[in-house]
Structures are given as structure tokens and as C-alpha cells.
Protein chains: 2
Amino acid sequence: MCSDRIRLDSLRSKIVTAEQAAALVKDGMVVGMSGFGGGGDAKVIPRAMAERARQEALKITLITGASLGSGLDGIMSEAGLLARRMPFQGDPVLRKAINEGKVIFIDQHLSHVAELLRQGSLPAPDVAVIEAAAITEQGHIVPTASVGNSASLVQMAKQVIVELNLSSSPHLEGLHDIYLPAARPQRQPIPLINPSDRIGAPAIAVDPERIAAIVLCESPESAATILPPDDETQVIANHLIHFFEQEVAQGRLPANLGPLQVGVGTIANAVMSGLLNAPFTDLEQYSEVLQDSTFELMDAGKLKFASGCSITLSADCGKRVFPSLADYKDRLVLRPQEISNHPEIARRLGVVAINTALEFDIYGNVNSTHVCGTKMMNGIGGSGDFARNARLTVFVTKSIAKAGAISSVVPMVSHVDHTEHDVQILVTEQGLADLRGLAPRERARVIIDNCVHPDYRPALNAYFEEACARGGQTPHLLEQAFDWYTNLEQRGHMLSY
Amino acid sequence: MCSDRIRLDSLRSKIVTAEQAAALVKDGMVVGMSGFGGGGDAKVIPRAMAERARQEALKITLITGASLGSGLDGIMSEAGLLARRMPFQGDPVLRKAINEGKVIFIDQHLSHVAELLRQGSLPAPDVAVIEAAAITEQGHIVPTASVGNSASLVQMAKQVIVELNLSSSPHLEGLHDIYLPAARPQRQPIPLINPSDRIGAPAIAVDPERIAAIVLCESPESAATILPPDDETQVIANHLIHFFEQEVAQGRLPANLGPLQVGVGTIANAVMSGLLNAPFTDLEQYSEVLQDSTFELMDAGKLKFASGCSITLSADCGKRVFPSLADYKDRLVLRPQEISNHPEIARRLGVVAINTALEFDIYGNVNSTHVCGTKMMNGIGGSGDFARNARLTVFVTKSIAKAGAISSVVPMVSHVDHTEHDVQILVTEQGLADLRGLAPRERARVIIDNCVHPDYRPALNAYFEEACARGGQTPHLLEQAFDWYTNLEQRGHMLSY
């Protein structure tokens with residue numbers, strides 16, 4: 001039975017049901033799970049754990065790669081299973097529980113989680129639950145559509161549970177490159193010079209004795225919901241592509257733009273799709289989540305290689321790509337998120353980082369996480385890993401939201417995830433602000449003139465001018481700085497008039 | 001004449017006066033200068049440039065390593081020489097001009113400046129003015145007490161002016177290790193595994209043809225003003241050392257703590273001095289500025305090696321150390337600030353980063369730069385380079401300032417330089433907050449209980465409790481979040497009662 005999927009005979013005796021595997025998880029445990037952005041998560045064991053939590057006292061700390069797909073975070077949250085959750089999530093049910101203070105959420109840079117675990121700053125997992133495409137002759141685990149934190153979680157967990165997904169593509173094997181930095185001191189440089197370099201092993205090494213259970217399933221990969229580009233995301237993409245053309249012409253970017261990192265979501269995906277009609281070829285991606293656009297660009301002969309830590313596709317794209325993975329395999333690699341997002345590599349390669357902002361302010365500080373400064377959206381994710389170390393750091397957003405009730409450009413952001421020091425290019429459908437080499441007052445001028453929606457420009461100009469009259473390196477009117485948020489809450493619109 | 005100091009004969013014909021050298025600088029030029037934290041800056045040429053600016057239209061963009069000593073930034077600012085200044089300063093006269101909007105100041109991470117120059121994000125220098133201890137047989141420049149950005153500035157400047165300081169110690173030669181990352185793509189890993197590794201050359205390579213002028217001088221090194229530890233800085237040091245002892249006992253830090261980075265200034269220096277009486281031996285420093293404490297710890301046999309990009313000493317300590325540099329030389333190295341502060345190295349080595357905060361908030365966001373959110377103090381300096389990539393990120397400050405009128409712990413910081421994601425340990429004389437693995441609400445509890453001055457604790461508790469009642473991942477009362485600053489401005493005290 002499934003001898004090609006479990007190639008170490010002795011492990012076959014460990015096959016159990018999802019319920020039996022879930023029973024290994026005890027109240028109060030720290031559980032590590034595979035999964036990043038909806039790619040590669042275990043599917044039946046989390047459901048079985050949630051089922052148990054509905055019937056008995058079972059609360060866990062859950063550490064994953066990033067967000068989970070298939071509504072799993074919502075299911076586990078609703079069942080009361082989650083006491084603590086890290087480092088990222090994107091589920092509306094869990095989000096509500098977090099903002100009500102019912103689930104403790106630790107929002108952390110995705111490249112740092114493995115390091116924090118390794119050095120004892122986060123609790124070591126008791127159990128790691130990892131979705132696999134196969135188990136090798138050595139008992140090593142071949143991941144599915146993501147690597148995420150799986151290798152580190154397996155390395156550090158007391159027990160490992162494998163969820164073997166028989167419906168996953170057998171061509172996933174060979175796609176992964178598992179490399180983890182050694183303990184300090186005497187840690188060596190990460191020997192990665194090009195996005196396509198393979199520096200590790202094709203599977204996650206584990207002593208087969210530590211595999212406590214194997215659960216077989218045939219769950220489909222969860223599908224990402226990506227809205228198609230609209231007029232505004234198209235215009236944002238065009239602004240950025242025009243800027244890239246100028247940078248290449250002036251010799252500040254290589255002809256292929258250098259390795260691209262593009263965040264998850266509709267706007268970022270639209271920017272990537274915009275490259276379909278741009279004059280750049282031999283593109284390379286050094287990113288975290290590979291979305292539909294990666295494969296569109298490959299099919300169009302524009303993208304020559306993509307390195308990520310996860311593949312998350314829409315239902316349509318998944319139906320096309322996963323069965324023909326063999327055709328893409330020599331142009332793809334999936335790495336641990338510690339490596340895909342590592343500052344050492346982002347800086348060495350000169351990654352161009354394009355991420356979505358929730359809002360930014362007139363001085364270039366970016367909020368990626370907190371609505372009105374208090375309510376968590378998803379988390380910082382990998383944006384800080386790349387923004388801080390990239391060759392060029394770009395944030396994109398539409399200039400307004402909620403039919404104009406909200407301006408994405410504000411006097412002062414209510415929460416800072418990326419400081420003025422780390423933000424170089426801002427783009428809305430209104431235009432592009434190039435902040436390189438500018439001081440705060442100069443940045444404000446460029447941002448207001450280029451990125452702000454016309455409805456909000458007079459109010460921002462008034463704020464800025466009054467603040468400048470008071471002086472300072474970064475002029476502000478602290479007593480008014482957050483008025484737009486209180487207006488929004490009290491009157492449903494950021495402007496009071 | 002000075003054949004040991006200028007060892008390439010052909011260069012002797014380039015010796016000119018400071019005034020002649022200063023005349024090479026034209027209005028509107030970008031000038032790069034050596035100097036970091038007061039160590040290794042050219043001294044007579046900047047004065048001659050300032051003199052010219054008093055008599056004719058002469059305004060420049062000045063790029064240095066970091067702050068300059070001997071009041072030079074003030075002298076140049078007062079003369080009207082400075083139009084734009086980057087990436088750091090610490091001079092009261094210049095600070096005033098910056099906050100009045102008279103000098104444009106670009107405050108930037110110190111490890112990023114060379115990269116920004118290299119990729120054309122900052123303007124290339126027309127002239128580099130570099131203090132030297134000697135010029136080698138090849139015409140290469142031996143720096144003095146700092147490397148800073150000198151190697152990059154020399155590499156990129158059209159013309160190089162050397163200020164040869166005949167009073168500098170001849171033993172400075174051999175102290176420096178000049179390594180610059182290559183252009184991308186195909187940039188290699190930085191081959192530095194231990195703080196003591198030497199990976200480059202002892203002098204700054206330059207085609208002698210590009211040396212436009214040499215000015216001889218005998219200026220003393222400028223002296224740092226470091227206040228001696230007081231009761232409160234002593235207590236801060238003790239809290240941190242006690243914490244380190246626990247971390248070592250629990251195996252989370254190595255017995256020698258791993259490479260230490262300690263920021264510039266009185267509190268940070270006091271923390272280092274506190275290690276004199278702590279049980280740790282074989283200490284190593286991987287830092288930027290090496291202060292008095294480095295040499296105190298070496299003399300006491302506690303510190304085995306120190307890597308930095310600058311040496312800045314008090315007058316007394318300088319008198320003792322500079323003449324006997326030969327005795328310390330095998331335990332010291334000075335690197336370009338790009339390397340001393342490089343994220344790749346900080347992360348690989350597992351640096352413990354200790355820096356001073358201006359203020360922090362109940363959720364762990366740190367302000368290092370802006371008084372009341374608007375007025376620049378000095379700049380972010382290297383704190384972000386280390387904080388973002390360290391094994392352990394510590395910020396220290398006294399809990400109150402101005403005789404209690406100001407609390408260093410506030411509901412929400414008015415400017416964010418280091419986000420909650422990057423701050424792990426906060427220390428005041430009141431105690432230490434260990435934020436590792438905690439969510440915002442948990443952090444607030446630990447910070448208020450451990451770090452806040454008793455006079456401010458009730459007010460912060462009231463703010464936090466009222467905010468929590470409203471909910472959210474990071475509860476805030478946006479309409480009151482900055483009241484403490486407006487109270488301070490209007491009534492001279494942060495509390496209104």
C-alpha cells in the first residue's frame with residue numbers, strides 16, 4: 001500500500017487515523033504545523049484536533065509557517081483550540097477572536113521565527129504536524145506546496161506527525177531545497193549566490209524514531225482567492241513599471257530588474273501580472289509565496305526562475321499547474337522561510353521588494369497590520385524581512401478605501417511596521433513617490449503631490465503646512481495627528497467637513 | 001620630509017595648504033568626509049571650507065560615516081556651508097539648524113549608506129576628504145581612528161583629498177580591515193565567521209592619480225564626553241547583567257554572552273563598564289564605536305577582542321590608549337561601517353545589541369531620534385542595523401527625565417524607529433521587561449510593572465485598562481495617545497494633574 005509514498009517499510013506500522021494522531025496532542029502543548037499562505041498545510045489532523053477541543057479541555061499554542069488555508073484557522077479558533085497563535089494569520093474568524101483578546105497572537109517577522117525557536121526565545125514545539133507528499137527511504141519528509149517553518153519545527157519538536165497527502169503531485173518531490181543555518185558560534189555564510197542555487201537537501205531530515213504517527217489523506221490543496229486586476233491596480237502596476245524602465249535606462253537597476261519579491265494579495269499580484277506586457281525579460285523571483293502570476297509569467301517566457309517558500313494558487317491556476325508541475329520543476333525551488341526571507345540573502349542578491357501597505361503617512365512610515373492603530377488585520381508577515389534589506393523597497397496601495405471614506409495616506413500612521421528609514425518608493429493609482437535621498441519635509445511634498453487622492457490633498461497640505469510652521473525635522477501637530485481616525489469612527493469618514 | 005608617512009614619492013608634490021585643498025570644493029558639490037562618532041575626521045580642511053563659506057557662496061551636501069568631533073558640524077553649519085547632511089549628526093548647533101529647516105538632514109541606517117551610494121540612491125560624492133595616518137608605497141590610504149564610510153567614499157568620489165595627521169599614532173597602521181562587498185549580481189558571502197577575522201586589506205585602495213591634494217596637519221584626536229556612571233545607570237547595568245546571568249544559566253546565551261554591540265553614550269558605556277564586575281570572561285565586541293569601556297575591559301582581562309568601525313575615547317582614556325596602541329593591536333580591528341553593522345554578520349554571529357532609547361511605549365515600540373515626535377536629536381545611527389538582526393535586542397533608558405517632568409515610557413511613542421517586532425528586552429533603573437514571545441497586551445503588563453517610574457504607573461495603567469476595554473490586538477485610545485506630549489508642552493509636565 002502506497003509504497004511509493006512511504007518508502008521506509010518500518011514506518012508503515014505507524015499509520016493511524018486522524019483522530020488517533022490528534023489524541024497525541026495534549027492540553028497546553030505547543031504544536032508546530034506546516035503551512036504558509038494556504039500552501040502545504042495539514043488538513044485532516046487540525047480538523048480532528050478542533051473536534052476534540054469541542055468536547056474536552058484542549059488549548060494549544062500553534063506555530064506555523066504563516067497563514068493556513070481552507071478556513072483551518074477559523075475552524076480551530078471557533079472550536080476554542082487556540083490559546084496562542086504565531087507568527088501570522090489571515091482568517092476572519094480568528095482575526096475577530098484575536099481582536100477581542102480571546103486568542104493571544106504574536107505577530108512576528110517570518111524569517112525570524114526559526115531563529116527565535118532555535119535560541120529559546122519562543123517555546124519549543126511538543127509536536128510537529130507536517131503535510132507530506134512522500135516519506136523517503138531514509139524516513140525523511142518530502143513537503144508539499146510549502147516548506148515554511150516545517151524543517152525547523154521538525155528539528156525541534158519532541159514528536160513528529162506526518163499527514164501524507166496521497167492526492168498531492170508526486171512531482172513535488174525534488175522541488176524543495178532544505179537548508180537550515182547551523183547553531184552559533186561558527187555558523188557559516190549561507191552559500192546562496194543566485195536565486196536558482198540549490199544549497200540543501202530535497203527532504204526534511206528526521207530520525208524515523210521521532211515520527212510518532214502517519215495519517216493518510218486525499219485532501220485537495222486549498223485555493224487562494226485573488227481578485228483579478230481592476231483599473232486601479234492596473235494603473236498602480238503601470239506606474240511602477242514605468243519607474244522600473246527609467247531605473248534600467250539610468251543604470252540603477254539591471255535589465256532584468258534583479259530578483260523580485262512580491263507580497264501576497266491582489267495588488268501585488270496585479271503588479272506581477274503587469275510585467276506580462278512590460279519590456280523586461282529573464283525575470284527572476286526571490287520571494288516567499290509564488291502566486292498565479294509566477295506561472296503566467298513563466299508561460300509567457302518572461303520569468304526564468306522563481307524561488308519561494310510556498311506555492312498558493314487560485315483554483316483555476318492550481319488545476320492547470322499542479323498536474324503539470326514536472327514542466328516547471330527546473331525553474332522552481334521552495335526553501336524554508338528562514339532562507340527565502342533571510343536578510344543575508346535579500347541584501348546580497350539585491351532584491352526588489354514590492355509589498356502592500358494598509359496605509360502610509362506623509363513622511364513615508366508604513367502601517368501593514370493594524371486598522372485604526374488597534375485592530376489586527378493579518379500580521380507583518382515577510383514584508384519587514386524584505387523591506388529592511390532590499391535593494392529597493394516599494395509599497396503599493398490604492399489611495400482611498402471604502403468608497404472614499406478612508407484615505408490610505410494619512411498625516412501620521414496609527415501603527416508603524418516599516419519606518420521612514422526603510423521605505424523608498426510608494427505607489428498608488430494617483431502616482432509614484434520616489435523618496436530616495438529625501439529628508440522628511442521633502443518626502444511629504446513628494447507623497448502629497450504624487451500619491452494622495454485629490455479629495456484628501458487639500459487637508460493633507462493644510463496639516464503639513466501648519467506643522468511646518470511649528471518646525472522640527474518631522475513636523476507634526478500631535479494634538480491633531482490622529483483626528484482622521486476619530487472622525488472615521490464617529491462620522492464614518494476621515495474628513496470632518 | 002615625512003617619508004614614513006607618505007611612502008609613495010610621487011605623491012609628495014601634491015602637498016598643499018588646507019585653504020588650497022578647500023578650494024577644490026565648489027558650490028553645490030557632494031562632499032564625502034571621514035569620521036564616525038568623533039573618531040577619524042579630517043580637521044583642518046573642514047575648517048578651511050567653513051572659512052570660505054563665510055566669504056562666498058558655498059553650500060555642499062555632506063556625507064560622512066556618522067557624527068563628527070571637535071564641534072566641526074557646528075562650525076560648518078554656522079558658516080552656512082551645509083545644505084544637506086547625512087547620515088547622522090550629534091551637534092547642538094547643527095541640530096538647531098536642522099530643526100529650523102535650514103539644513104536638510106537625511107537620517108539613515110549607518111550600514112545602508114554605502115549600499116545606497118553604490119546603487120545610485122544617494123548622489124555620488126564629487127570629493128572625498130579623508131583623514132589618514134599614512135599613505136602606503138602603493139598610494140593607499142591608512143585611516144586613523146575610524147574607517148566609517150571612508151573606503152566607499154574614496155571608491156566613488158571623483159577626487160580624493162587626504163588630510164595627513166602627523167600627530168596620529170603610527171601604530172594605527174595595521175589596525176584596519178578594509179573589505180567592501182562587490183557589485184551585484186554575483187556578490188559573494190562576506191567571509192566573516194568570528195569577530196576577530198580579518199577579511200580585507202590594511203589600507204583603502206585608491207589609484208594615486210585620483211588623489212588631488214594632500215594636507216599635512218598635527219591635530220589632536222577629538223575627545224568624547226562620556227559622563228561617568230551614576231546610581232541609575234549602575235542599576236540599569238546591574239539589571240541587565242543579572243538577566244544575562246540567568247540566560248547563560250538556562251543555556252540561552254553562551255558563557256561569554258556572544259559578540260556584544262553597545263551603542264554610543266553614557267548609559268550604554270555604563271552597561272559595558274558594569275561588566276567589569278560581572279562573572280563573564282572572554283568577552284567579545286562586534287560593535288561600531290569602541291569607547292573607554294572597551295579598553296577598561298581589556299585592561300581588566302575581561303574582553304578578548306573588539307571589532308568596531310571607530311575608536312572614540314575621553315581625553316584621559318585617549319592619552320593612555322593612543323600612545324600604547326601597539327599593546328592592544330592584536331585584540332582590535334576597525335572595519336568599514338557597512339561591515340561592522342552589516343545585517344548578514346549581525347545575524348550570523350548572534351550579536352547581543354544594547355542601545356539607548358529616547359523613549360518607548362507600553363507595547364515596546366522605541367523612539368531613538370525625535371523629541372516629542374518632531375525635533376531631531378541625533379539620528380537612528382547604527383541602532384536599527386543591530387536591533388533588527390541581533391540575537392537579542394536590548395534598549396536601555398532612565399525611566400524619567402527632566403526631574404520627573406518626562407516619563408521615558410509613554411502610552412504611544414511619537415516617532416517609531418524600532419517597531420514592537422524588533423524589541424525584546426527593555427531596561428530602566430526600575431527593572432527589566434523581557435518581551436520575548438509576548439503579544440502586545442502581555443508586553444504592556446510587563447513593561448508597566450517593570451520599567452515605569454512609580455509616579456507614572458497609575459496613569460499608564462489607567463490608559464491601558466481603558467484601551468483594553470475598547471479591544472483590539474494593540475489597544476489604544478487614539479484621541480488621548482499623545483496627550484502626555486501636549487501636557488508637557490503646555491504645562492511643563494507630562495501628567496495633567
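Let's start with B:Gln424: at 11% relative accessibility, this residue counts as buried, because the cut-off for buried is under 20%. Keep in mind that we are looking at a predicted model. B:Gln424 sits in the loop of chain B that runs between β24 (409-410) and β25 (425-428).

So who are its neighbours? Setting aside residues up to four places away in sequence, B:Gln424 touches B:Arg391, B:Leu392 and B:Thr393, then B:Ala433, B:Asp434, B:Leu435 and B:Arg436, and also A:Leu116 and A:Ser121 from the other chain. Take B:Asp434 from that list: ten residues along the chain from B:Gln424, with 6.2 Å between the two C-alpha atoms.

In terms of contacts, 49 residues of domain 1 of chain A meet 43 residues of domain 2 of chain A. Together the two domains bury about 3700 Å², and carbon and sulfur atoms account for 58% of that area. On the domain 1 side of chain A, the residues losing the most area to domain 2 are A:Leu175, A:Ile190 and A:Pro195, which together make up 19% of what that side buries. For those of you who like charges, two salt bridges are found across this interface between domain 1 and domain 2 of chain A.

Staying with salt bridges in chain A, the side chains of A:Arg118 and A:Glu338 form one, at 2.7 Å from N to O.

Last stop, A:Glu288. An unreviewed UniProt entry places the feature "active site" at this residue. A:Glu288 lies in the loop between β11 (283-286) and β12 (289-290) of chain A. Buried or exposed? With 7% relative accessibility, A:Glu288 counts as buried. Leaving out residues up to four places away in sequence, its contacts include A:Phe36 and A:Leu110, the run A:Gly308, A:Cys309 and A:Ser310, and the pair A:Ser340 and A:Asn341. A:Val264, A:Gly382 and A:Phe386 also touch A:Glu288.

Thanks, everyone, and I'm happy to take questions.

Conventions
Residues are numbered from 1 along each chain as its sequence is written. Chains are lettered from A and ligands numbered from 1 in the order in which they are written. This is a predicted model: local features need pLDDT of at least 70, side-chain atom pairs count only at pLDDT 80 or more; totals for chains, interfaces and linings use all residues. Side-chain values use heavy atoms; hydrogens and water are left out. UniProt positions are given in the numbering used here, feature names are shortened, and annotations may be inferred rather than shown by experiment. Helices (H or I, at least four residues) and strands (E, at least two) are DSSP runs, numbered from the N terminus. Buried means under 20% relative accessible area, exposed over 50%, partly exposed in between (1.4 Å probe, protein chains only). Contact means heavy atoms within 4.5 Å. Buried area is the accessible area (1.4 Å probe) that two parts lose on being put together, summed over both. A salt bridge is a side-chain nitrogen of Lys or Arg within 4 Å of a carboxyl oxygen of Asp or Glu.
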